[in-house]
Amino acid sequence: MEVPILKQGDCLIATVQAALTDADLLHFRTALIQQVVRCRSRGVIVDLTSLDVMDSFASRTLREIAQMIRLRGAETVIVGIQPEVAFAMVQLGLKLEDVTTALDLEEGLAHLGKGSASSA
Amino acid sequence: MTPGASNPARVPVQEGSVGTAEYPRPGSVLLRELVAHLRENRTQLREEWARRITEAQLLTAMTKDEIFAEATSVYDNYVEALETGTFEALQAYARNLSERIIPRGVETHEVVGIVLLLRDVLARSLFAKYQADFTKLNRILDAYEPAANRIANTVAVGFVQERERIIREQQEAIRELSTPVLQVRERLLILPIIGVIDPQRARQLTEQLLRGIRTNRAKVVVIDITGVAAMDATVANHLVQTVEASRLLGATVIVTGLSPEIAQTIVNIGVDLGKMNTVGDLQGGIEQAERLLGYKVVPITEPS
Amino acid sequence: MKDVQVLEKEIHVGINSDQDIVAARQKGRALAIALGFSSGDATLIATAISELARNILTYAKCGEIQLTVLHNSTRPGIQLIAHDTGPGIPDITLALRDGFSTSGSLGLGLPGVKRLVDEFEIVSEVNHGTTVTAKKWKL
(Lines give C-alpha, C1' and ligand atoms only; values in the text may rest on other atoms or scores of the structure.)
Protein backbone atom coordinates (compact mmCIF):
# COMPACT_ATOMS: atom_id res chain seq x y z
CA MET A 1 0.00 0.00 0.00
CA GLU A 2 1.49 3.29 -1.08
CA VAL A 3 1.33 6.44 0.98
CA PRO A 4 0.14 9.36 -1.17
CA ILE A 5 2.54 12.31 -1.13
CA LEU A 6 1.29 15.68 -2.38
CA LYS A 7 3.24 18.79 -3.15
CA GLN A 8 1.96 22.04 -1.69
CA GLY A 9 4.21 24.95 -2.53
CA ASP A 10 7.60 24.16 -1.09
CA CYS A 11 6.15 21.60 1.28
CA LEU A 12 5.14 17.98 0.96
CA ILE A 13 2.07 16.42 2.57
CA ALA A 14 2.08 12.67 3.11
CA THR A 15 -1.17 11.08 4.26
CA VAL A 16 -0.69 7.78 6.02
CA GLN A 17 -3.50 5.22 6.00
CA ALA A 18 -4.29 2.54 8.52
CA ALA A 19 -2.87 -0.95 8.16
CA LEU A 20 0.62 -0.08 6.97
CA THR A 21 2.92 -3.07 7.05
CA ASP A 22 6.61 -2.74 7.92
CA ALA A 23 7.45 -3.07 4.23
CA ASP A 24 5.01 -0.28 3.40
CA LEU A 25 6.63 1.97 5.99
CA LEU A 26 10.13 1.36 4.66
CA HIS A 27 8.94 1.96 1.11
CA PHE A 28 7.31 5.18 2.31
CA ARG A 29 10.52 6.30 3.93
CA THR A 30 12.44 5.87 0.70
CA ALA A 31 9.76 7.49 -1.45
CA LEU A 32 9.42 10.49 0.84
CA ILE A 33 13.14 11.23 0.98
CA GLN A 34 13.31 10.95 -2.82
CA GLN A 35 10.49 13.45 -3.14
CA VAL A 36 12.12 15.86 -0.68
CA VAL A 37 15.26 15.78 -2.77
CA ARG A 38 13.46 16.03 -6.10
CA CYS A 39 11.20 18.89 -5.04
CA ARG A 40 13.78 20.60 -2.85
CA SER A 41 11.09 20.85 -0.21
CA ARG A 42 11.76 22.81 2.94
CA GLY A 43 8.97 21.23 4.94
CA VAL A 44 7.18 17.91 5.20
CA ILE A 45 3.92 17.07 6.92
CA VAL A 46 3.17 13.47 7.79
CA ASP A 47 -0.53 13.14 8.49
CA LEU A 48 -1.35 10.26 10.84
CA THR A 49 -5.07 10.98 11.18
CA SER A 50 -6.00 7.57 9.78
CA LEU A 51 -3.37 5.59 11.64
CA ASP A 52 -5.09 3.30 14.09
CA VAL A 53 -2.08 1.74 15.82
CA MET A 54 1.41 3.08 16.42
CA ASP A 55 3.88 0.44 17.46
CA SER A 56 7.62 0.55 18.11
CA PHE A 57 8.58 -0.05 14.49
CA ALA A 58 6.34 2.69 13.13
CA SER A 59 7.57 5.08 15.78
CA ARG A 60 11.22 4.30 15.05
CA THR A 61 10.70 4.64 11.30
CA LEU A 62 8.98 8.01 11.69
CA ARG A 63 11.85 9.30 13.77
CA GLU A 64 14.32 8.08 11.15
CA ILE A 65 12.30 9.81 8.46
CA ALA A 66 12.44 13.08 10.39
CA GLN A 67 16.18 12.70 10.90
CA MET A 68 16.86 11.98 7.26
CA ILE A 69 14.72 14.90 6.15
CA ARG A 70 16.54 17.17 8.57
CA LEU A 71 19.82 16.15 6.93
CA ARG A 72 18.37 17.53 3.70
CA GLY A 73 17.76 20.84 5.43
CA ALA A 74 14.01 20.41 5.70
CA GLU A 75 11.67 20.17 8.68
CA THR A 76 9.15 17.44 9.41
CA VAL A 77 5.92 17.93 11.34
CA ILE A 78 3.86 14.94 12.36
CA VAL A 79 0.15 15.75 12.64
CA GLY A 80 -3.16 14.11 13.36
CA ILE A 81 -2.20 11.55 15.99
CA GLN A 82 -5.49 10.33 17.43
CA PRO A 83 -6.05 10.77 21.19
CA GLU A 84 -6.37 7.00 21.68
CA VAL A 85 -3.23 6.30 19.72
CA ALA A 86 -1.35 8.97 21.69
CA PHE A 87 -2.51 7.35 24.92
CA ALA A 88 -1.42 3.88 23.80
CA MET A 89 1.92 5.27 22.67
CA VAL A 90 2.81 6.81 26.01
CA GLN A 91 1.71 3.64 27.83
CA LEU A 92 4.02 1.65 25.61
CA GLY A 93 6.78 4.22 26.09
CA LEU A 94 6.96 5.58 22.53
CA LYS A 95 7.66 9.27 22.66
CA LEU A 96 8.62 10.38 19.15
CA GLU A 97 11.46 12.38 20.63
CA ASP A 98 13.06 15.07 18.51
CA VAL A 99 10.05 15.10 16.24
CA THR A 100 7.82 18.15 15.96
CA THR A 101 4.14 17.39 16.37
CA ALA A 102 1.04 19.43 15.71
CA LEU A 103 -2.67 18.84 16.08
CA ASP A 104 -3.66 18.66 12.42
CA LEU A 105 -2.81 19.65 8.88
CA GLU A 106 -3.78 23.27 9.44
CA GLU A 107 -1.56 23.58 12.48
CA GLY A 108 1.26 21.75 10.76
CA LEU A 109 1.20 24.11 7.79
CA ALA A 110 0.99 27.08 10.15
CA HIS A 111 4.10 25.83 11.93
CA LEU A 112 6.01 25.38 8.68
CA GLY A 113 4.78 28.70 7.38
CA LYS A 114 6.04 30.68 10.36
CA GLY A 115 7.84 33.75 9.26
CA SER A 116 5.48 34.29 6.38
CA ALA A 117 1.87 35.57 6.48
CA SER A 118 -0.13 35.45 9.74
CA SER A 119 -1.28 32.06 10.90
CA ALA A 120 -4.88 31.16 11.82
CA MET B 1 -1.02 0.09 39.73
CA THR B 2 0.96 -3.13 39.64
CA PRO B 3 1.28 -4.23 36.07
CA GLY B 4 0.46 -7.86 35.54
CA ALA B 5 -1.27 -8.46 38.86
CA SER B 6 -4.62 -10.21 38.73
CA ASN B 7 -7.59 -8.34 40.05
CA PRO B 8 -8.54 -10.34 43.15
CA ALA B 9 -12.10 -9.04 43.15
CA ARG B 10 -12.98 -11.05 40.06
CA VAL B 11 -14.20 -14.52 40.84
CA PRO B 12 -15.43 -16.69 38.01
CA VAL B 13 -18.96 -17.90 38.72
CA GLN B 14 -20.34 -20.83 36.90
CA GLU B 15 -23.95 -20.43 36.07
CA GLY B 16 -26.11 -23.35 36.92
CA SER B 17 -23.60 -24.90 39.25
CA VAL B 18 -26.01 -24.76 42.17
CA GLY B 19 -27.13 -28.14 43.39
CA THR B 20 -25.67 -31.50 42.60
CA ALA B 21 -28.55 -33.12 40.74
CA GLU B 22 -28.26 -33.41 37.01
CA TYR B 23 -30.38 -31.08 34.97
CA PRO B 24 -33.29 -33.10 33.52
CA ARG B 25 -33.29 -33.52 29.79
CA PRO B 26 -35.75 -31.20 28.16
CA GLY B 27 -38.63 -33.26 26.88
CA SER B 28 -38.29 -35.93 29.55
CA VAL B 29 -41.63 -37.29 30.67
CA LEU B 30 -41.35 -35.93 34.18
CA LEU B 31 -40.43 -32.46 33.02
CA ARG B 32 -43.34 -32.43 30.59
CA GLU B 33 -45.69 -33.45 33.38
CA LEU B 34 -44.25 -30.75 35.62
CA VAL B 35 -44.62 -28.07 32.99
CA ALA B 36 -48.19 -29.18 32.23
CA HIS B 37 -49.06 -28.90 35.90
CA LEU B 38 -47.62 -25.40 36.09
CA ARG B 39 -49.52 -24.31 32.99
CA GLU B 40 -52.83 -25.77 34.17
CA ASN B 41 -52.60 -24.02 37.50
CA ARG B 42 -51.13 -20.84 36.17
CA THR B 43 -53.88 -18.55 37.43
CA GLN B 44 -54.02 -19.66 41.02
CA LEU B 45 -50.28 -20.18 41.41
CA ARG B 46 -49.57 -16.66 40.16
CA GLU B 47 -52.16 -15.22 42.50
CA GLU B 48 -50.75 -17.23 45.39
CA TRP B 49 -47.28 -15.95 44.61
CA ALA B 50 -48.35 -12.33 44.29
CA ARG B 51 -50.15 -12.64 47.59
CA ARG B 52 -47.04 -14.03 49.28
CA ILE B 53 -44.92 -11.26 47.85
CA THR B 54 -47.16 -8.63 49.40
CA GLU B 55 -47.31 -10.57 52.65
CA ALA B 56 -43.55 -10.67 52.85
CA GLN B 57 -43.55 -6.93 52.20
CA LEU B 58 -41.40 -7.21 49.11
CA LEU B 59 -41.54 -4.90 46.09
CA THR B 60 -43.12 -2.18 48.22
CA ALA B 61 -41.95 0.33 45.62
CA MET B 62 -44.50 -1.12 43.19
CA THR B 63 -48.30 -1.12 43.08
CA LYS B 64 -50.31 -4.35 43.39
CA ASP B 65 -51.16 -4.21 39.70
CA GLU B 66 -47.54 -3.74 38.73
CA ILE B 67 -46.50 -6.64 40.95
CA PHE B 68 -49.09 -8.88 39.37
CA ALA B 69 -48.06 -7.87 35.85
CA GLU B 70 -44.39 -8.57 36.54
CA ALA B 71 -45.30 -11.76 38.38
CA THR B 72 -47.10 -12.94 35.27
CA SER B 73 -44.08 -12.26 33.06
CA VAL B 74 -41.68 -13.92 35.46
CA TYR B 75 -43.97 -16.92 35.85
CA ASP B 76 -44.31 -17.44 32.11
CA ASN B 77 -40.59 -17.03 31.53
CA TYR B 78 -39.96 -19.41 34.42
CA VAL B 79 -42.16 -22.11 32.96
CA GLU B 80 -40.67 -21.66 29.52
CA ALA B 81 -37.15 -21.98 30.91
CA LEU B 82 -38.19 -25.15 32.70
CA GLU B 83 -39.71 -26.53 29.55
CA THR B 84 -36.99 -25.72 27.04
CA GLY B 85 -33.95 -25.94 29.28
CA THR B 86 -32.61 -22.81 27.60
CA PHE B 87 -32.01 -19.73 29.60
CA GLU B 88 -31.28 -16.98 27.09
CA ALA B 89 -34.85 -15.70 27.10
CA LEU B 90 -34.88 -15.75 30.89
CA GLN B 91 -31.52 -13.94 31.07
CA ALA B 92 -32.73 -11.29 28.67
CA TYR B 93 -35.93 -10.89 30.63
CA ALA B 94 -34.02 -10.68 33.94
CA ARG B 95 -31.80 -7.91 32.56
CA ASN B 96 -34.77 -6.09 31.14
CA LEU B 97 -36.70 -6.40 34.38
CA SER B 98 -33.69 -5.20 36.39
CA GLU B 99 -33.24 -2.19 34.13
CA ARG B 100 -36.83 -1.22 34.87
CA ILE B 101 -37.03 -1.85 38.58
CA ILE B 102 -33.61 -0.70 39.78
CA PRO B 103 -34.44 2.98 39.23
CA ARG B 104 -37.61 2.36 41.25
CA GLY B 105 -35.47 1.45 44.23
CA VAL B 106 -35.97 -2.31 44.23
CA GLU B 107 -33.15 -4.02 46.08
CA THR B 108 -31.27 -7.27 45.55
CA HIS B 109 -32.81 -9.03 48.56
CA GLU B 110 -36.27 -8.32 47.18
CA VAL B 111 -35.51 -9.87 43.81
CA VAL B 112 -33.88 -12.91 45.38
CA GLY B 113 -36.80 -13.08 47.81
CA ILE B 114 -39.55 -13.14 45.21
CA VAL B 115 -37.80 -15.74 43.09
CA LEU B 116 -37.39 -17.99 46.12
CA LEU B 117 -41.04 -17.45 47.03
CA LEU B 118 -42.07 -18.58 43.58
CA ARG B 119 -39.93 -21.66 43.98
CA ASP B 120 -41.68 -22.37 47.29
CA VAL B 121 -45.18 -21.78 45.91
CA LEU B 122 -44.55 -24.15 43.02
CA ALA B 123 -42.93 -26.76 45.27
CA ARG B 124 -45.89 -26.67 47.64
CA SER B 125 -48.29 -27.19 44.77
CA LEU B 126 -46.27 -30.23 43.75
CA PHE B 127 -46.43 -31.62 47.29
CA ALA B 128 -50.18 -31.11 47.27
CA LYS B 129 -50.64 -32.81 43.93
CA TYR B 130 -48.44 -35.86 44.52
CA GLN B 131 -48.96 -36.33 48.25
CA ALA B 132 -50.54 -39.73 47.68
CA ASP B 133 -47.56 -41.08 45.77
CA PHE B 134 -44.33 -40.45 47.63
CA THR B 135 -42.14 -42.15 45.04
CA LYS B 136 -43.63 -40.10 42.25
CA LEU B 137 -43.26 -36.94 44.31
CA ASN B 138 -39.58 -37.67 44.80
CA ARG B 139 -39.04 -38.16 41.08
CA ILE B 140 -40.92 -35.03 40.20
CA LEU B 141 -38.83 -33.09 42.70
CA ASP B 142 -35.68 -34.59 41.16
CA ALA B 143 -36.75 -32.96 37.93
CA TYR B 144 -37.96 -29.77 39.53
CA GLU B 145 -35.22 -28.84 41.98
CA PRO B 146 -32.14 -28.39 39.78
CA ALA B 147 -34.20 -26.51 37.24
CA ALA B 148 -35.75 -24.24 39.83
CA ASN B 149 -32.38 -23.54 41.42
CA ARG B 150 -30.81 -22.68 38.13
CA ILE B 151 -33.64 -20.31 37.34
CA ALA B 152 -33.33 -18.57 40.71
CA ASN B 153 -29.60 -18.25 40.09
CA THR B 154 -30.12 -16.81 36.61
CA VAL B 155 -32.56 -14.15 37.73
CA ALA B 156 -30.56 -13.11 40.80
CA VAL B 157 -27.27 -12.97 38.95
CA GLY B 158 -28.87 -11.02 36.11
CA PHE B 159 -30.14 -8.48 38.61
CA VAL B 160 -26.79 -8.12 40.35
CA GLN B 161 -24.93 -7.75 37.07
CA GLU B 162 -27.28 -5.00 36.00
CA ARG B 163 -26.74 -3.20 39.29
CA GLU B 164 -22.98 -3.46 38.94
CA ARG B 165 -23.16 -2.11 35.42
CA ILE B 166 -25.18 0.87 36.60
CA ILE B 167 -22.77 1.52 39.45
CA ARG B 168 -19.82 1.46 37.05
CA GLU B 169 -21.59 3.93 34.78
CA GLN B 170 -22.26 6.23 37.70
CA GLN B 171 -18.67 6.03 38.83
CA GLU B 172 -17.54 6.96 35.35
CA ALA B 173 -19.93 9.91 35.32
CA ILE B 174 -18.66 11.06 38.70
CA ARG B 175 -15.10 10.85 37.54
CA GLU B 176 -15.90 12.93 34.50
CA LEU B 177 -17.71 15.55 36.52
CA SER B 178 -14.89 15.82 38.99
CA THR B 179 -12.29 16.47 36.31
CA PRO B 180 -13.43 19.47 34.33
CA VAL B 181 -11.31 20.55 31.42
CA LEU B 182 -11.85 24.28 31.15
CA GLN B 183 -11.33 26.46 28.16
CA VAL B 184 -10.40 29.92 29.35
CA ARG B 185 -9.03 31.47 26.17
CA GLU B 186 -8.95 30.34 22.64
CA ARG B 187 -6.40 27.55 22.29
CA LEU B 188 -5.81 27.46 26.06
CA LEU B 189 -7.12 24.76 28.39
CA ILE B 190 -6.85 24.55 32.13
CA LEU B 191 -7.08 21.27 34.00
CA PRO B 192 -7.19 21.72 37.77
CA ILE B 193 -6.68 18.33 39.39
CA ILE B 194 -8.16 17.92 42.83
CA GLY B 195 -8.16 14.94 45.10
CA VAL B 196 -6.98 11.37 44.81
CA ILE B 197 -5.62 10.07 41.55
CA ASP B 198 -6.03 6.34 41.22
CA PRO B 199 -5.01 4.61 37.98
CA GLN B 200 -8.55 4.63 36.64
CA ARG B 201 -9.02 8.31 37.33
CA ALA B 202 -5.60 9.09 35.88
CA ARG B 203 -6.50 7.35 32.69
CA GLN B 204 -9.88 8.97 32.46
CA LEU B 205 -8.26 12.34 33.11
CA THR B 206 -5.72 11.85 30.34
CA GLU B 207 -8.34 10.69 27.87
CA GLN B 208 -10.59 13.62 28.68
CA LEU B 209 -7.75 16.07 28.30
CA LEU B 210 -6.64 14.64 24.96
CA ARG B 211 -10.19 14.78 23.65
CA GLY B 212 -10.42 18.33 24.93
CA ILE B 213 -7.21 19.31 23.14
CA ARG B 214 -8.65 17.98 19.94
CA THR B 215 -12.07 19.55 20.31
CA ASN B 216 -10.81 22.93 21.43
CA ARG B 217 -7.73 22.86 19.21
CA ALA B 218 -5.73 23.82 22.24
CA LYS B 219 -2.09 24.74 21.82
CA VAL B 220 -1.36 25.20 25.50
CA VAL B 221 -2.64 23.29 28.51
CA VAL B 222 -2.10 24.35 32.10
CA ILE B 223 -2.34 21.42 34.51
CA ASP B 224 -2.60 22.58 38.08
CA ILE B 225 -1.73 19.96 40.68
CA THR B 226 -2.02 22.13 43.79
CA GLY B 227 -5.05 20.13 44.90
CA VAL B 228 -3.65 16.68 44.30
CA ALA B 229 -3.98 14.69 47.51
CA ALA B 230 -0.95 12.47 47.34
CA MET B 231 1.88 12.45 44.86
CA ASP B 232 3.84 9.25 44.60
CA ALA B 233 5.87 7.75 41.79
CA THR B 234 2.76 6.21 40.17
CA VAL B 235 0.85 9.48 40.06
CA ALA B 236 3.97 11.31 38.92
CA ASN B 237 4.23 8.82 36.08
CA HIS B 238 0.64 9.43 35.06
CA LEU B 239 1.39 13.14 34.99
CA VAL B 240 4.46 12.66 32.85
CA GLN B 241 2.50 10.42 30.48
CA THR B 242 -0.24 13.02 30.21
CA VAL B 243 2.31 15.68 29.33
CA GLU B 244 3.89 13.44 26.70
CA ALA B 245 0.58 12.43 25.17
CA SER B 246 -0.51 16.07 24.98
CA ARG B 247 2.67 16.92 23.16
CA LEU B 248 1.89 14.25 20.57
CA LEU B 249 -1.25 16.23 19.84
CA GLY B 250 0.80 19.36 19.38
CA ALA B 251 -0.06 20.97 22.72
CA THR B 252 2.44 22.43 25.16
CA VAL B 253 1.80 21.59 28.79
CA ILE B 254 2.59 23.86 31.71
CA VAL B 255 2.42 22.19 35.11
CA THR B 256 1.66 24.45 38.03
CA GLY B 257 1.37 23.93 41.74
CA LEU B 258 4.53 21.87 41.97
CA SER B 259 5.83 21.79 45.49
CA PRO B 260 9.55 21.07 46.08
CA GLU B 261 8.60 17.58 47.34
CA ILE B 262 6.69 16.74 44.19
CA ALA B 263 9.50 18.13 42.07
CA GLN B 264 11.83 15.76 43.89
CA THR B 265 9.51 12.78 43.27
CA ILE B 266 9.42 13.54 39.58
CA VAL B 267 13.17 13.87 39.37
CA ASN B 268 13.51 10.59 41.27
CA ILE B 269 11.57 8.70 38.63
CA GLY B 270 14.09 9.88 36.11
CA VAL B 271 12.25 12.67 34.36
CA ASP B 272 14.37 15.62 33.39
CA LEU B 273 12.43 18.49 34.91
CA GLY B 274 14.25 20.81 32.59
CA LYS B 275 12.17 19.32 29.80
CA MET B 276 8.91 19.90 31.63
CA ASN B 277 7.39 23.33 31.72
CA THR B 278 6.71 24.13 35.35
CA VAL B 279 5.58 27.27 37.09
CA GLY B 280 4.99 27.77 40.80
CA ASP B 281 1.34 28.78 40.81
CA LEU B 282 -1.69 28.68 38.57
CA GLN B 283 -1.74 32.41 37.91
CA GLY B 284 1.87 32.36 36.82
CA GLY B 285 1.10 29.37 34.65
CA ILE B 286 -1.76 31.12 32.89
CA GLU B 287 0.40 34.18 32.32
CA GLN B 288 3.11 32.08 30.75
CA ALA B 289 0.53 30.28 28.63
CA GLU B 290 -0.79 33.59 27.36
CA ARG B 291 2.71 34.71 26.47
CA LEU B 292 3.24 31.47 24.55
CA LEU B 293 0.03 32.10 22.66
CA GLY B 294 1.01 35.64 21.87
CA TYR B 295 -1.46 37.36 24.14
CA LYS B 296 -0.58 40.41 26.09
CA VAL B 297 -2.76 41.40 29.03
CA VAL B 298 -2.79 45.16 29.54
CA PRO B 299 -4.59 46.98 32.34
CA ILE B 300 -7.22 49.47 31.24
CA THR B 301 -6.27 52.89 32.52
CA GLU B 302 -8.88 55.53 33.23
CA PRO B 303 -8.31 58.87 31.61
CA SER B 304 -7.50 61.32 34.42
CA MET C 1 -23.57 -5.88 23.63
CA LYS C 2 -23.64 -8.02 20.55
CA ASP C 3 -24.61 -11.64 20.96
CA VAL C 4 -21.30 -13.18 22.03
CA GLN C 5 -22.28 -16.66 20.90
CA VAL C 6 -22.00 -15.51 17.33
CA LEU C 7 -18.28 -14.75 17.66
CA GLU C 8 -15.55 -17.26 17.16
CA LYS C 9 -14.34 -18.26 20.58
CA GLU C 10 -10.75 -18.63 19.47
CA ILE C 11 -8.85 -16.95 16.67
CA HIS C 12 -5.41 -18.11 15.54
CA VAL C 13 -3.13 -15.95 13.44
CA GLY C 14 0.14 -17.39 12.19
CA ILE C 15 2.96 -14.86 12.34
CA ASN C 16 5.40 -15.30 9.49
CA SER C 17 5.59 -11.89 7.87
CA ASP C 18 4.99 -8.24 8.57
CA GLN C 19 1.56 -8.51 6.96
CA ASP C 20 0.62 -11.01 9.65
CA ILE C 21 1.35 -8.42 12.32
CA VAL C 22 -1.23 -6.13 10.75
CA ALA C 23 -3.72 -8.98 10.33
CA ALA C 24 -3.35 -10.06 13.94
CA ARG C 25 -3.88 -6.59 15.37
CA GLN C 26 -6.83 -5.88 13.12
CA LYS C 27 -8.49 -9.10 14.22
CA GLY C 28 -7.78 -8.18 17.82
CA ARG C 29 -9.33 -4.77 17.43
CA ALA C 30 -12.39 -6.19 15.69
CA LEU C 31 -12.89 -8.77 18.41
CA ALA C 32 -12.56 -6.14 21.12
CA ILE C 33 -15.09 -3.86 19.48
CA ALA C 34 -17.52 -6.73 18.95
CA LEU C 35 -17.29 -7.55 22.66
CA GLY C 36 -18.13 -3.98 23.55
CA PHE C 37 -14.70 -2.73 24.59
CA SER C 38 -14.26 1.02 24.30
CA SER C 39 -12.44 2.29 21.26
CA GLY C 40 -9.53 3.35 23.48
CA ASP C 41 -9.22 -0.13 24.97
CA ALA C 42 -9.46 -1.71 21.54
CA THR C 43 -6.49 0.43 20.51
CA LEU C 44 -4.53 -0.72 23.56
CA ILE C 45 -5.27 -4.33 22.70
CA ALA C 46 -4.32 -3.86 19.05
CA THR C 47 -1.09 -2.16 20.10
CA ALA C 48 -0.20 -4.97 22.50
CA ILE C 49 -0.83 -7.55 19.77
CA SER C 50 1.31 -5.58 17.36
CA GLU C 51 4.26 -5.50 19.74
CA LEU C 52 3.98 -9.15 20.75
CA ALA C 53 3.66 -10.27 17.14
CA ARG C 54 6.61 -8.11 16.24
CA ASN C 55 8.75 -9.77 18.90
CA ILE C 56 7.85 -13.16 17.48
CA LEU C 57 8.88 -12.09 14.01
CA THR C 58 12.07 -10.39 15.11
CA TYR C 59 13.43 -13.04 17.43
CA ALA C 60 11.78 -16.31 16.45
CA LYS C 61 11.02 -15.67 12.78
CA CYS C 62 7.65 -17.40 13.14
CA GLY C 63 5.00 -18.15 15.70
CA GLU C 64 1.38 -17.62 16.46
CA ILE C 65 -1.04 -15.18 18.05
CA GLN C 66 -4.08 -16.71 19.69
CA LEU C 67 -7.09 -14.63 20.65
CA THR C 68 -9.69 -16.07 23.00
CA VAL C 69 -12.91 -14.65 24.38
CA LEU C 70 -13.09 -14.91 28.16
CA HIS C 71 -16.12 -14.79 30.42
CA ASN C 72 -16.28 -14.20 34.08
CA SER C 73 -19.44 -13.59 36.03
CA THR C 74 -19.77 -9.93 35.24
CA ARG C 75 -17.95 -8.99 32.09
CA PRO C 76 -16.19 -10.32 29.06
CA GLY C 77 -12.48 -10.22 28.39
CA ILE C 78 -9.91 -11.04 25.76
CA GLN C 79 -6.95 -13.30 26.18
CA LEU C 80 -3.94 -12.86 23.92
CA ILE C 81 -1.38 -15.59 23.66
CA ALA C 82 1.80 -14.92 21.71
CA HIS C 83 3.66 -18.17 21.20
CA ASP C 84 6.82 -19.13 19.42
CA THR C 85 9.38 -21.94 19.49
CA GLY C 86 12.28 -19.60 19.02
CA PRO C 87 15.47 -18.87 20.94
CA GLY C 88 13.71 -17.96 24.17
CA ILE C 89 14.65 -15.20 26.60
CA PRO C 90 17.70 -15.91 28.76
CA ASP C 91 16.92 -13.41 31.50
CA ILE C 92 13.22 -12.73 31.92
CA THR C 93 13.70 -10.52 34.95
CA LEU C 94 15.91 -8.24 32.95
CA ALA C 95 13.48 -8.18 30.06
CA LEU C 96 10.66 -7.21 32.40
CA ARG C 97 12.53 -4.56 34.29
CA ASP C 98 10.32 -1.56 34.36
CA GLY C 99 12.03 1.58 33.25
CA PHE C 100 9.38 4.25 32.97
CA SER C 101 11.81 6.83 31.82
CA THR C 102 13.88 4.76 29.43
CA SER C 103 13.72 6.07 25.94
CA GLY C 104 15.18 4.95 22.66
CA SER C 105 15.33 1.28 21.82
CA LEU C 106 12.81 -0.72 23.80
CA GLY C 107 14.36 -4.12 23.24
CA LEU C 108 11.43 -6.48 23.68
CA GLY C 109 9.21 -3.72 24.96
CA LEU C 110 7.68 -6.10 27.51
CA PRO C 111 7.27 -3.60 30.35
CA GLY C 112 5.40 -1.40 27.90
CA VAL C 113 3.10 -4.21 26.79
CA LYS C 114 2.42 -5.03 30.44
CA ARG C 115 1.09 -1.50 30.94
CA LEU C 116 -1.39 -1.96 28.11
CA VAL C 117 -3.13 -4.98 29.61
CA ASP C 118 -4.67 -6.09 32.91
CA GLU C 119 -2.91 -9.43 33.38
CA PHE C 120 0.44 -10.48 31.97
CA GLU C 121 2.36 -13.72 32.20
CA ILE C 122 5.46 -14.87 30.38
CA VAL C 123 7.06 -18.28 30.16
CA SER C 124 10.28 -18.70 28.27
CA GLU C 125 12.99 -21.31 27.94
CA VAL C 126 16.22 -20.87 26.04
CA ASN C 127 16.11 -22.82 22.75
CA HIS C 128 12.55 -23.87 23.40
CA GLY C 129 10.54 -20.77 22.90
CA THR C 130 8.41 -18.14 24.54
CA THR C 131 4.76 -17.86 25.45
CA VAL C 132 3.25 -14.58 26.55
CA THR C 133 -0.27 -14.66 27.95
CA ALA C 134 -2.07 -11.37 28.43
CA LYS C 135 -5.64 -10.59 29.41
CA LYS C 136 -7.73 -7.48 29.21
CA TRP C 137 -11.17 -7.12 30.75
CA LYS C 138 -13.95 -4.88 29.65
CA LEU C 139 -14.52 -2.05 32.10
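**Figure 1. Secondary structure of chain A in the predicted model.** Chain A contains four helices and five strands. In this predicted model, the order of these elements from the N terminus is β-β-α-β-α-β-α-β-α. Among contacts in chain A that link residues at least 6 apart in sequence, 75% connect residues at least 24 apart.

**Figure 2. Dimensions and burial of chain A.** Along the principal axes, the C-alpha atoms of chain A occupy a box of roughly 40 × 30 × 20 Å. The radius of gyration of chain A is 14 Å, which agrees with the value near 14 Å that a compact globule of 120 residues would have. Of the 120 residues of chain A, 46% are classed as buried.

**Figure 3. The contact between chain A and chain C.** Chain A contributes 18 residues to this contact and chain C contributes 20 residues. On the side of chain A that touches chain C, the elements giving two or more residues are helix 1 (22-39), helix 2 (56-71) and helix 3 (83-92) of chain A. Helix 3 of chain A supplies the largest share of that side, six residues. Sorted by class, the side of chain A that touches chain C comprises eight nonpolar, four polar and six charged residues.

**Figure 4. Secondary structure and burial of chain C.** Chain C has four helices and five strands, arranged along the sequence as β-α-α-β-β-α-α-β-β. Of the 139 residues in chain C, 42% are buried. Among the contacts in chain C with a separation of 6 or more, 62% are between residues 24 or more positions apart.

**Figure 5. Packing of helix 1 against helix 2 in chain C.** The axes of helix 1 (residues 18-34) of chain C and helix 2 (residues 39-60) of chain C come within 8 Å of each other, with a crossing angle of roughly 155°. Helix 1 of chain C is therefore roughly antiparallel to helix 2 of chain C, as the angle lies over the 145 degrees required for that class. The crossing of these two helices of chain C is right-handed.

**Figure 6. Residues at the contact of helix 1 with helix 2 in chain C.** From helix 1 of chain C, the contacting residues include C:Asp18, C:Ile21, C:Ala24, C:Arg25, C:Gly28 and C:Ile33. Those on helix 2 of chain C include C:Asp41, C:Ile45, C:Ile49, C:Ser50, C:Arg54 and C:Leu57. The residues of this contact between helix 1 and helix 2 of chain C divide into ten nonpolar, two polar and six charged.

How values were computed
Residues numbered from 1 in each chain as written. Chains lettered and ligands numbered in written order. Predicted model: local features only at pLDDT ≥ 70, side-chain atom pairs only at ≥ 80, totals over all residues. Rg over C-alpha atoms; globule rule 2.2 N^0.38 Å. Buried ≥ 20, exposed ≤ 12 C-beta atoms within 10 Å, placed from the backbone. Contact = placed C-beta atoms within 7 Å. Nonpolar A, V, L, I, M, F, W, Y, C, P; charged D, E, K, R; others polar. Axes fitted to C-alpha atoms, helices over the stretch in contact; angles between N-to-C directions. Parallel < 35°, antiparallel > 145°, perpendicular 65-115°, else oblique. Left-handed = near helix turned anticlockwise from the far one by under 90°.
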